[in-house]
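User: I'd like to learn how to read a fold from its coordinates. Could you take me through this one, feature by feature?

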Amino acid sequence: MTTTVDRGAPGLLAPPAPVRISLTPKTTLVGQLDGAWWPHSRGLEAELPPLVDALAEPWGRITRVTVNPTRWPVIPHKVPVTGHTVHVGWFTEQDPDKMILLSYSVGRWDLLVIPPETEPAAAARLMSASTIPGSILTAEGLLAADAVIGGAVAARSREDAWEAEGGAGMSPPGRPMGQRISTAHTDSAR
């Protein structure tokens, strides 16, 4: 079956991917982060407009953004978004996994930027952990902690798979099934 798409017809392009963001609930507890953002790519010029548009209602007009150039291969000075331009700055001293968003009228917000290549389960853990009101964890701290948790989860999954496949019941080579190997020494063996 052949399908023909008229590339000149408006509205036939794929809709933009949804913005993957999680924000800290409004509370009097102030933490290190105001939420997390999981972009689809490292293309700041493509990723920033949908993020700013998604934040327009809860946070107002975002006018300036700062990032660390370590995680973004190209940093444009200005990015056009709906109805205005966002100025983009970079600082090598800023946490590489954090984005700072500024609004002249409302204030400042710090978002954890989850690497686009992150597995969905890890991204879900990070998005949840970044929205805990009053949390003292930084963007760098959250990613480091999740790397440890993710490693433990992966190890446990491998162990569960081993157990489910009967690996735990196997005897070492040369031993009859069910015979245990003792590593304890008795007094008479000394």
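**Reading the strands and their surroundings**

Analyst: Let's start with a strand pair: strand E2 (residues 35-37) and E7 run parallel and are joined by two bridges. Strands pair if DSSP finds at least two bridges between them. Within this pair, Ala36 has Leu112 in E7 as its bridge partner. Keep in mind that this is a predicted model, where local features need pLDDT of at least 70, side-chain atom pairs count only at pLDDT 80 or more, and totals for chains, interfaces and linings use all residues. Residues are numbered from 1 along each chain as its sequence is written, and side-chain values use heavy atoms, with hydrogens and water left out.

User: Which strand is joined to E7 by six bridges, and in which direction do they run?

Analyst: That's strand E6 (residues 98-103), and the two run antiparallel. Met99 has Leu111 in E7 as its bridge partner. A hairpin of three residues connects E6 to E7.

User: What about the loop between E6 and E7: is Ser105 buried or exposed there?

Analyst: The general idea is a cut-off on relative accessible area: buried is under 20%, exposed is over 50%, and partly exposed is in between (1.4 Å probe, protein chains only). Ser105, in the loop between E6 and E7, counts as exposed because its relative accessibility is 65%. Ser105 and Arg61 are 44 residues apart in sequence, yet their C-alpha atoms are 7.9 Å apart in space.

User: And why is E7 largely enclosed by the rest of the structure?

Analyst: Because five of the seven residues in strand E7 (residues 107-113) are buried.

User: How do I tell what the elements are, and in what order do they run?

Analyst: Helices (H or I, at least four residues) and strands (E, at least two) are DSSP runs, numbered from the N terminus. The protein has three helices and seven strands, and from the N terminus on the order is β-β-α-β-β-β-β-β-α-α.

User: What does the side chain of Gln94 reach?

Analyst: The backbone oxygen of Lys98, at 2.8 Å. Gln94 lies in the loop between E5 and E6 and is buried, with 8% relative accessibility. Leaving aside neighbours within four places in sequence, its contacts are Thr66, Val67, Asn68, Met99 and Ile100.

User: Which residues of helix H2 are buried?

Analyst: In H2 (residues 120-129), they are Ala122, Ala123, Leu126 and Met127. They cover an arc of only 135° around the axis (taken from the directions from the helix axis to the C-beta atoms), so they lie on the same side of H2.

User: How much of the whole protein is buried?

Analyst: Buried residues make up 32% of the 190 residues. As for contacts with a separation of 6 or more, residues 24 or more positions apart account for 62% of them.

User: What does the pLDDT average in this model?

Analyst: pLDDT is the predictor's confidence in each residue, from 0 to 100. The protein averages 80, and 71% of the residues score at least 70. Over residues 1-10 the pLDDT is below 50, and this stretch has two contacts in the model beyond near neighbours in sequence. Where pLDDT is low, the predicted coordinates should not be read in detail.

Technical notes: Contact = heavy atoms within 4.5 Å. Polar contact = N/O pair within 3.5 Å; in protein donor to acceptor, adjacent residues only side chain to side chain.
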